[in-house]
Amino acid sequence: MNKTRHVVAIVDDDPRLLESMGDLLESAGYVARSFSSAGSLLVNGLSDLDLLITDIGMPGIDGFELRDLVRKSRPELPVFMITGRHEIADQGRAQGAGGFFRKPFDAQALLAAIANALHKSTDGG
């Protein structure tokens with residue numbers, strides 16, 4: 001049992017999205033950890049995560065702030081950002097995000113991007 005499953009955290013204030021994303025990730029062989037706010041993720045800790053998917057528009061700490069906080073403690077952790085608000089999607093700082101998806105997003109494209117990011121992070125490049 002040398003093969004460990006990658007742990008992907010999802011942060012979104014929409015419980016339906018958390019459930020559907022969790023199901024999608026689990027069906028693809030990942031361990032999904034769902035959080036309804038950035039604060040709950042930060043309290044839980046980042047040490048066991050392999051990738052983070054966060055909504056941008058959330059109360060309290062938004063996705064941009066969360067990404068910046070995560071980069072301070074885990075700069076190597078891939079962070080994907082999702083939003084249903086197209087005015088946010090068009091902002092320059094959203095366009096600069098490595099993994100950026102507009103809701104509704106293509107599930108297969110998201111899974112391919114996750115696999116690619118995890119492959120790069122485990123290869124060190």
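Trainee: What should I know before I start?

Mentor: The model is predicted, so local features need pLDDT of at least 70 and side-chain atom pairs count only at pLDDT 80 or more, while totals for chains, interfaces and linings use all residues. Residues are numbered from 1 along each chain as its sequence is written, and side-chain values use heavy atoms, with hydrogens and water left out.

Trainee: How many helices and strands does the protein have?

Mentor: There are 6 helices and 5 strands. Along the sequence the pattern is β-α-β-α-β-α-β-α-α-β-α. Helices (H or I, at least four residues) and strands (E, at least two) are DSSP runs, numbered from the N terminus.

Trainee: And what share of the residues counts as buried?

Mentor: 42% of the 125 residues. Buried means under 20% relative accessible area, exposed over 50%, and partly exposed in between (1.4 Å probe, protein chains only).

Trainee: Where does D55 sit, and is it buried or exposed?

Mentor: D55 is in strand β3, residues 51-55. It counts as buried because its relative accessibility is 4%.

Trainee: What does D55 touch?

Mentor: Leaving out residues up to four places away in sequence, D55 touches V11, D12, D13, G63, I82, T83 and K103. Contact means heavy atoms within 4.5 Å.

Trainee: K103 is on that list. What is the peptide bond from K103 to P104 like?

Mentor: That bond is cis, with omega near -10 degrees. Most peptide bonds are trans. P104 lies in the loop between β5 (99-102) and α6.

Trainee: How far is S36 from D55?

Mentor: The C-alpha atoms are 9.9 Å apart, and the two residues are 19 positions apart in sequence. S36 is in the loop between β2 (31-35) and α2. Beyond four places in sequence, S36 touches D12, D13 and L18.

Trainee: Switching to L41. Buried or exposed?

Mentor: L41 is buried, because its relative accessible area is 0%. It belongs to helix α2, residues 38-44. Setting aside neighbours within four places in sequence, L41 contacts A9, V11, F35, L46, L49, L52 and L66. L41 and V11 are 30 residues apart in sequence, yet 7.4 Å apart in space, C-alpha to C-alpha.

Trainee: What about R74? Why does it count as buried?

Mentor: R74 counts as buried because its relative accessibility is 16%. It sits in the loop between α3 (63-73) and β4. Its side chain makes a polar contact with the side chain of E76, at 2.5 Å. A polar contact is a pair of N or O atoms within 3.5 Å; within protein, one must be able to donate a hydrogen and the other to accept it, and residues adjacent in sequence count only if both atoms are side-chain atoms.

Trainee: Last topic. What is the volume of the largest pocket?

Mentor: About 210 Å³. A pocket is an open set of points on a 1 Å grid over the protein atoms alone, where a 1.4 Å probe fits, with protein on both sides within 12 Å along at least five of seven lines. Volume is the space filled by probe spheres set on the points, which are joined across faces, edges and corners.

Trainee: Which element gives the most to the lining?

Mentor: α6, with 4 residues. The lining has 13 residues, and L77, P78, V79, F80 and A117 lie nearest the centre. Lining residues have an atom within 4 Å of a point.
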